[in-house]
Amino acid sequence: MPHLMIPSEELDAVRSSPAGSDFTAKVLPFRQHQASPSRSDVTNTQTALRRVEQDLEPLRRQVTSIIDEILAGNGAAEEPVRESLRLHVARNPGEPERALLKHLLSAPSISNDPA
């Protein structure tokens with residue numbers, strides 16, 4: 001089956017002609033070209049990202065303070081916890097909130113039930 005990309009008026013003319021009576025064509029739809037984002041869209045996105053970064057600053061300061069306190073400890077029993085936290089901080093540079101969250105999610109669950 002031939003694939004034609006011709007205007008519908010020409011296709012109707014071909015179909016209505018005697019020679020085109022046994023002619024079947026598959027008309028493929030044209031795909032709209034996706035335009036690149038405009039400069040204003042890019043600027044708006046950058047502005048929104050800066051605003052999010054600014055909103056995260058108080059949280060990041062607080063989380064950094066928590067991380068610093070944990071890492072400043074010197075108890076031998078807590079060393080595996082500190083090592084795990086150091087690893088998460090190293091894997092998430094500039095994102096202390098993500099590092100602390102991943103550290104907490106990777107920690108074994110603590111149960112208050114007596115054994």
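What follows is a short chat about reading helix packing in a predicted model.

Colleague: How do I read a pair of packed helices, and what is the case for α2 and α3 here?

Modeller: Two packed helices are described by the angle between their axes and the distance between the axes. Here, helix α2 (residues 39–72) and helix α3 (residues 79–91) have axes that come within 9 Å and cross at roughly 140°.

Colleague: Which orientation class does that put α2 and α3 in?

Modeller: Angles over 145 degrees would count as roughly antiparallel, so α2 and α3 are oblique to each other. Their crossing is left-handed.

Colleague: Which residues make that contact?

Modeller: On the α2 side you've got Ile 67, Ile 70 and Leu 71, and on the α3 side Arg 82, Leu 85, Arg 86 and Val 89. By class, the contact of α2 with α3 has five nonpolar residues, two charged and no polar ones.

Colleague: Okay, next pair. At what angle do α3 and α4 pack, and how far apart are their axes?

Modeller: α3 and helix α4 (residues 96–106) pack at about 135°, and their axes are 8 Å apart. α3 and α4 are therefore oblique to each other.

Colleague: Is the crossing of α3 and α4 left-handed or right-handed?

Modeller: Right-handed for α3 and α4.

Note on methods: Residues numbered from 1 in each chain as written. Predicted model: local features only at pLDDT ≥ 70, side-chain atom pairs only at ≥ 80, totals over all residues. Heavy atoms only, no water. Axes fitted to C-alpha atoms, helices over the stretch in contact; angles between N-to-C directions. Helix = DSSP H or I, 4+ residues; strand = E, 2+ residues; numbered from the N terminus. Parallel < 35°, antiparallel > 145°, perpendicular 65-115°, else oblique. Left-handed = near helix turned anticlockwise from the far one by under 90°. Contact = heavy atoms within 4.5 Å. Nonpolar A, V, L, I, M, F, W, Y, C, P; charged D, E, K, R; others polar.
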